[in-house]
Amino acid sequence: LCQGIELVKYQVVFLDVNMTGLNGIETARKIRKISEDIYIAFITAFMTYTLEGYRVNAVRYILKNTVNMPQMIFECMDTIISKLNYVKKKIFRFNEGMKNVSLERLLYIESRLHKLMFYIMEDELNMYTLYDTLNDIEKELAGNDFIRIHQSYLVNMKHIVKMSRNKNGRHDAVLSNGIKLGIPKARYKKVDETFIAYKGVW
């Protein structure tokens, strides 16, 4: 199973419920800890896990080894393609060129000397830049689960794994790819409370 931001490369995942090691349901739970936006479809010979499938927001169950299986796969993909048309995206005029960005793939934005750096997961983690203020971008992205953890960082809460505090009193937001972004002590309590409230809706 891919770890962290590597999963964001994928829009659709098909899982067999009956797999060796982690079964399909357990795998889906791990995927949901990282992303709520990946579409999960189960392929199975049994319908006994339907309730568990709803709990991980599976888009469809496909019964294998039946004459209707090909038709069910096409219907599943039609449903997913229809849903993909509603994925939240935003066009940014980067210095590298205009780009239509899926907000699910935007990990965080860093501000340095009037230049903003957008860290976006594509085939790999790429960085794009533009000249603007983080205050303005924060307003543009309001309501999309981004949090200002620092004067210089606006972070997608979907990619925060945990908040940490080390022995030296440093506070960090730990992202799904292992990056640690510092949080000033004065902001930590509010950031931590906001993150806990966000995780509570999963």
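T44 sits in strand 2, which spans residues 39-44. This is a predicted model. T44 counts as buried because its relative accessibility is 2%, and the cut-off for buried is under 20%. Leaving aside residues up to four places away in sequence, T44 touches D16, V17, Y61, I62, L63 and K64.

Strands 1 and 2 run parallel and are joined by 5 bridges. V12 stands opposite Y39 of strand 2.

## Helix 1

Helix 1 covers residues 24-34. Its buried residues are G24, I25, T27, A28, I31, R32 and I34. Why do some positions along a helix point the same way?

N23 caps the N-terminal end of helix 1. A side-chain oxygen of N23 lies 3.0 Å from the backbone nitrogen of I25.

Another open sheet has 3 strands in the order 11-12-13, and its pairing is antiparallel. Strand 11 (160-165) and strand 13 (180-183) are at the edges. Each pairs with a single strand, so one side of each is left without a neighbour in the sheet. The twist averages 25 degrees from one strand to the next.

Strand 12 (residues 171-175) and strand 13 run antiparallel, joined by 4 bridges. D172 has G182 in strand 13 as its bridge partner. Helix 5 (residues 185-199) lies across strand 11, strand 12 and strand 13. Helix 5 runs at about 145 degrees to strand 11.

## Nonpolar cores

The largest nonpolar core has 20 residues. Y108, I149, V155, I160 and M163 have the most contacts inside this core. At least two core residues come from each of strand 6 (106-112), strand 7 (115-121), strand 9 (146-150), strand 10 (153-156), strand 11, strand 12, strand 13 and helix 5. Helix 5 gives the most, with 4 residues.

What does I149 touch, not counting residues up to four places away in sequence? Its contacts are V155, A173, L181, G182, I183, P184, R187 and V191.

## Aromatic pairs

The count comes to 7 aromatic pairs. The rings of F94 and Y128 have centres 5.2 Å apart and planes at 25 degrees, so this pair is stacked. The pair links distant parts of the chain. F94 is in strand 4 (residues 89-94) and Y128 in strand 8 (residues 125-131), 34 residues apart. F94 and Y128 are buried. Ring pairs also link F92, F94, F118 and Y128 into a cluster.

Y108 and Y153 form an edge-to-face pair, because their ring centres lie 6.2 Å apart with planes at 70 degrees. Y108 is in strand 6 and Y153 in strand 10, so the pair ties together parts 45 residues apart in sequence. Y108 is buried, with a relative accessible area of 5%. Y153 also counts as buried, at 17% relative accessibility.

Conventions. Residues are numbered from 1 along each chain as its sequence is written. This is a predicted model: local features need pLDDT of at least 70, side-chain atom pairs count only at pLDDT 80 or more; totals for chains, interfaces and linings use all residues. Side-chain values use heavy atoms; hydrogens and water are left out. Buried means under 20% relative accessible area, exposed over 50%, partly exposed in between (1.4 Å probe, protein chains only). A polar contact is a pair of N or O atoms within 3.5 Å; within protein, one must be able to donate a hydrogen and the other to accept it, and residues adjacent in sequence count only if both atoms are side-chain atoms. Contact means heavy atoms within 4.5 Å. Two strands pair if DSSP finds at least two bridges between them. Axes are lines fitted to C-alpha atoms, for helices over the stretch in contact, and angles run from 0 to 180 degrees between N-to-C directions. A nonpolar core is a set of buried Ala, Val, Leu, Ile, Met, Phe, Trp, Tyr and Cys residues joined through side-chain atoms within 4.5 Å. Rings of Phe, Tyr and Trp (its six-membered ring) pair if their centres lie within 6.5 Å; planes under 30 degrees apart count as stacked, over 60 as edge-to-face and the rest as tilted.
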